[in-house]
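Please read it with the sequence and the coordinates at hand.

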Amino acid sequence: MKTATKVRGCCGLIDAGMSDDDAEVVAERFRALADPTRVRIMNLLIRNAELCVCDLNANFDLSQPTISHHLGLLRKAGLVESDMSGRWAFYRANEDAIEALAGVLEVTR
């Protein structure tokens, strides 16, 4: 995400924050995390280098297609990456996206 420029407010220079495009990316990522199952999936992926759907499925009382649906939403938001190895898809957290998301909430006064 780009660093915003300083703009003049009524009381002096203020940090204008992020651009509209960056805000849209951040909002999409927060929407993807607005589900407890997806938060738990992210927690598992952050704690483990890489997991396949069957590994994730063992931690939930949900069907494999439901887990795959949640992973697809996380991947679309850029929070998860995957690689295929034969018939198996292996998932990992996108650490750069997570760090960028955390940086949005960092206090920098």
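A residue is called buried when its relative accessible area is under 20%, exposed when that area is over 50%, and partly exposed in between. By that scale Glu50, with a relative accessible area of 39%, is partly exposed. The model is a predicted one. The points below start from the core and move to the charged side chains.

**Nonpolar core**

- The largest nonpolar core comprises 21 residues. Those with the most contacts inside this core are Ile41, Leu45, Leu56, Leu71, Leu74, Leu79 and Tyr91.
- Two or more residues of this core come from each of α1 (20-32), α2 (36-47), α3 (53-57), α4 (64-76), β5 (88-93) and α5 (95-104).
- The element that gives the most to this core is α2, with 4 residues.
- Leaving aside residues up to four places away in sequence, Leu71 touches Ile41, Leu45, Val53, Leu56 and Tyr91.

**Helix α1**

- The 13 residues of α1 should span 18 Å at 1.5 Å a residue, and the end C-alpha atoms of α1 are 18 Å apart, in agreement with that value.
- Asp22, Val26, Arg29 and Ala32 are the buried residues of α1. Viewed down the axis of α1, these residues fall within an arc of 120°, and therefore they line one face of the helix.
- An α-helix has 3.6 residues a turn, so residues three or four places apart point the same way.
- The cover over the buried residues of α1 includes α2, α4 and α5.

**Sheet**

- The order β3-β5-β4 describes an open sheet of 3 strands with antiparallel pairing. In this sheet β3 and β4 are the edge strands, and each pairs on one side only.
- Strands β3 and β5 run antiparallel and are joined by 2 bridges. Cys52 has Phe90, in β5, as its bridge partner.

**Salt bridges**

- Side chains of opposite charge can pair when their charged atoms come close.
- In the whole structure, 4 salt bridges are found.
- Which residues are linked in a network of salt bridges? They are Glu50, Glu81, Asp83 and Arg92.
- Within this group, the side chains of Arg92 and Glu50 meet in a salt bridge at 3.8 Å, N to O. Arg92 belongs to strand β5 and Glu50 to the loop between α2 and β3 (51-52), so this pair ties together parts that are 42 residues apart in sequence.
- Arg92 also meets Glu81, side chain to side chain, in a salt bridge of 3.4 Å, N to O. This pair links distant parts of the chain, with Arg92 in strand β5 and Glu81 in strand β4 (residues 80-85), 11 residues apart.
- Arg92 counts as partly exposed at 23% relative accessibility, and Glu81 is partly exposed with a relative accessible area of 32%.
- Another salt bridge joins the side chains of Arg31 and Glu24, at 3.3 Å, N to O.

Note on methods: Residues numbered from 1 in each chain as written. Predicted model: local features only at pLDDT ≥ 70, side-chain atom pairs only at ≥ 80, totals over all residues. Heavy atoms only, no water. Core = buried A, V, L, I, M, F, W, Y, C linked by side-chain atoms within 4.5 Å. Buried < 20%, exposed > 50% of the residue type's maximum accessible area, 1.4 Å probe, protein only. Contact = heavy atoms within 4.5 Å. Pairing = 2+ DSSP bridges. Expected span 1.5 Å × (residues − 1). Arc of directions from axis to C-beta.
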